[in-house]
Amino acid sequence: MITDERAGILLVDDMEDNLIALEAVLGSLNEPIVRARSGEEAMKALLRRRFAVVLLDIRMPGMDGFETAANIKRLDQTKDVPIIFLTGAEEDAGYAFRGYATGAADYLTKPFDPWVLRAKVNVFLELHRKNQQLQSLLAREQADLGELSKRLEGLEDRLSEEPLDVATLKEEARQLRRLLSKAERSR
C-alpha cells in the first residue's frame, strides 16, 4: 500500500559508501531520501511509498540494476517512476544502451559531477510536483463537472413539474451559471 507522503528519492546501491555520497549530494534538495541496499529492498520501498525518481546502481549482487528496473517498469503503480542508472566508468559500453532499453530516463557514470546529478534529480522532482498539480486540477474539474451534471438533472426534473416555480428555476439557473464560470476560470 502506497502512502500519501511527499514523494522522495530512492537510492539503490549495495555499497554503503556510495549511498553516503549520494545522500551528501542530494541532501540539499530537502526531499525525503530512502536507501535500499538491493533490488529486492528497492521493490519493497517502491510498494510502500511514492518516489519522484530512483537512482539505481547497475552492479549489485542478487537482483542487478537491470532486473530491478525491469520489475519497476512491469508494475502499474511504479511503471512511471523515472530511473537514473549509475555505474562505474569502466563498465561495458553496452550498459548504457541496455539501461535505456530497460526503461531508464537517464544514465550517469561514476564518478559523476555532483552538480549535474543534483540538477537532473531536481528536474525529476519538479516534473513530479507538476504532475501532482495537474492531477489535483483534473480531479477538481471532474468534481465540478459532476456537480454541474447533478444540478442540471435536478433542473430538468423541476421543469417537468406542474405548476412551474419560475423564481426557483431562475435561481437554480444562476447557480449553475456561477458553477460553470468557476470551472471555466480554473482552466
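Analyst: **Salt bridges**

D76 counts as exposed, at 64% relative accessibility. The scale, for relative accessible area with a 1.4 Å probe and protein chains only, is buried under 20%, exposed over 50%, partly exposed in between. This is a predicted model: local features need pLDDT of at least 70, side-chain atom pairs need 80 or more, and totals for chains, interfaces and linings use all residues. Residues are numbered from 1 along each chain as its sequence is written, and side-chain values use heavy atoms, without hydrogens or water.

A salt bridge puts a side-chain nitrogen of Lys or Arg within 4 Å of a carboxyl oxygen of Asp or Glu. D76 forms one with K79, at 3.6 Å from N to O. K79 is partly exposed, at 36%.

The count is 13 salt bridges. Among them is R37 with E16, at 3.1 Å. This pair links distant parts of the chain, 21 residues apart: R37 sits in the loop between β2 (33–36) and α2 (39–48), E16 in helix α1 (residues 16–26). Helices (H or I, at least four residues) and strands (E, at least two) are DSSP runs, numbered from the N terminus. R37 is partly exposed at 37%, and so is E16 at 30%.

K120 and D106 meet at 2.6 Å, N to O. K120 lies in helix α5 (residues 114–159) and D106 in strand β5, so the pair ties together parts 14 residues apart in sequence. K120 is partly exposed at 25%. D106 is buried at 13%. Elsewhere, salt bridges with shared partners join E16, E23, R35 and R37 into one network.
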